[in-house]
Amino acid sequence: MTIQVFGHKSPDTDSTGSPIIWAWYLNQIKGTAAKPVLLGEPNTEAAFMLERWGLDKPEIIADVEDGAPVVIVDTNNPAELPANVNNADIQGIIDHHKLVGGLETKGPIEIRVEPLACTATIMWKMIGKDLAQAPEGVKGAMLTCILSDTLEFRSPTTTQEDKAVAHALADDLGVNIGELAAEMFAAKSDVSAFSDAELIRMDSKEYEVDGTKFRVSVLETTAPDIPLNRKDSLMETMKTVQSEDGVDQVLLFVVDILKEEATLLVPNDLVKSVAEKSFGASVSGDTVVLPGIMSRKKQIIPNLKV
């Protein structure tokens, strides 16, 4: 059976590009039938990546069948994966997030988890010299994923390995990193066509703190005024999303890539308390600016307190 390679729900650039990269490697280098799939529509930056490098959008799937062979990338969290994932045949995991637990396999598997900013950086290391055989689109996807997850090296998750791999790929492709990143971030910032609920769920993860279930949503943008001008309707829609998704509270952070800060929407006393306890913020209105906060993985989720 063909191996399905996928990342997390609400696929961002890394969860769109890394399945493409690894499916190419399995097919062309390892001689194993594989295909990339997505667990939802890719975001605007991921869609830009597909168009920029001439890549086909992978098939979108809702679930996996019993016994279906799969490789999971860019997550190891069952809450971000198909409901039936533990009845599939998980054959590998490649990730750069903390271990959550809850996945079950049918036997020993290969797992590669490293403290790097991007799954694609790990894949670059795993593929090694065989990457010389990769088409431009695969290398371009790899570069785009790294620039996305590091916010062009601004994110505190960025490592020297991520930088070195990105520069090596850019040199190979003849691409100017600054110009490509500017195009990517412009695509990411164009969210005018999305509903409030779509914006809230576009880049979000569920996380529980002391019995309180949060949906932690992040909008990374070079034009923060676009979503912030919709803050009243976004805060109203948070209530609907909370009810539909079975969480106690949505936390929505609008990350200004250029100013390197986040604005947290504060619709109620719970979020006000979270902002004050988690980030030492002084909250006096329905938004609060958090200087230097850019990474959900490294700065937001680890610090959440209720």
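R112 is partly exposed in this predicted model, with a relative accessibility of 29%. Its side chain meets that of E114 in a salt bridge, with 2.6 Å from N to O. E114, by contrast, counts as buried, at 14% relative accessibility. In total, the count comes to 19 salt bridges.

**Salt bridges between distant parts of the chain**

- R230 forms a salt bridge with D196, and their closest N and O atoms are 2.8 Å apart.
- This pair links parts of the chain 34 residues apart: R230 lies in the loop between helix 8 (225-228) and helix 9 (231-245), while D196 belongs to helix 7 (residues 196-202).
- Both R230 and D196 are buried.
- A salt bridge also joins the side chains of D245 and R201, at 3.0 Å from N to O.
- Because D245 is in helix 9 and R201 in helix 7, the pair ties together parts 44 residues apart in sequence.
- R201 is partly exposed, its relative accessible area being 24%.
- A network of salt bridges links R201, E206, R215, E244 and D245.

**Packing of helix 1 and helix 2**

- Helix 1 (residues 13-29) and helix 2 (residues 44-52) have axes that come within 8 Å and cross at roughly 35 degrees.
- Helix 1 contributes T13, T16, G17 and I20 to the contact, and helix 2 contributes E45, A46, M49 and L50.
- These contact residues comprise 4 nonpolar, 3 polar and 1 charged.

**Nonpolar surface patch**

- L99, I111 and V113 make a nonpolar surface patch of about 290 Å².
- L99 lies in the loop between strand 5 (89-95) and strand 6 (110-113).
- L99 is exposed, with a relative accessible area of 65%.

Terms used: Residues are numbered from 1 along each chain as its sequence is written. This is a predicted model: local features need pLDDT of at least 70, side-chain atom pairs count only at pLDDT 80 or more; totals for chains, interfaces and linings use all residues. Side-chain values use heavy atoms; hydrogens and water are left out. Axes are lines fitted to C-alpha atoms, for helices over the stretch in contact, and angles run from 0 to 180 degrees between N-to-C directions. Helices (H or I, at least four residues) and strands (E, at least two) are DSSP runs, numbered from the N terminus. Contact means heavy atoms within 4.5 Å. Ala, Val, Leu, Ile, Met, Phe, Trp, Tyr, Cys and Pro count as nonpolar, Asp, Glu, Lys and Arg as charged, and the others, Gly among them, as polar. Patches are made of residues with over 30% relative accessible area and no salt bridge: like charges are joined within 9 Å, nonpolar side chains (Val, Leu, Ile, Met, Phe, Trp, Tyr) within 5 Å. Accessible areas come from the Shrake-Rupley method with a 1.4 Å probe; for residues, only the protein chains shown count as cover. A salt bridge is a side-chain nitrogen of Lys or Arg within 4 Å of a carboxyl oxygen of Asp or Glu. Buried means under 20% relative accessible area, exposed over 50%, partly exposed in between (1.4 Å probe, protein chains only).
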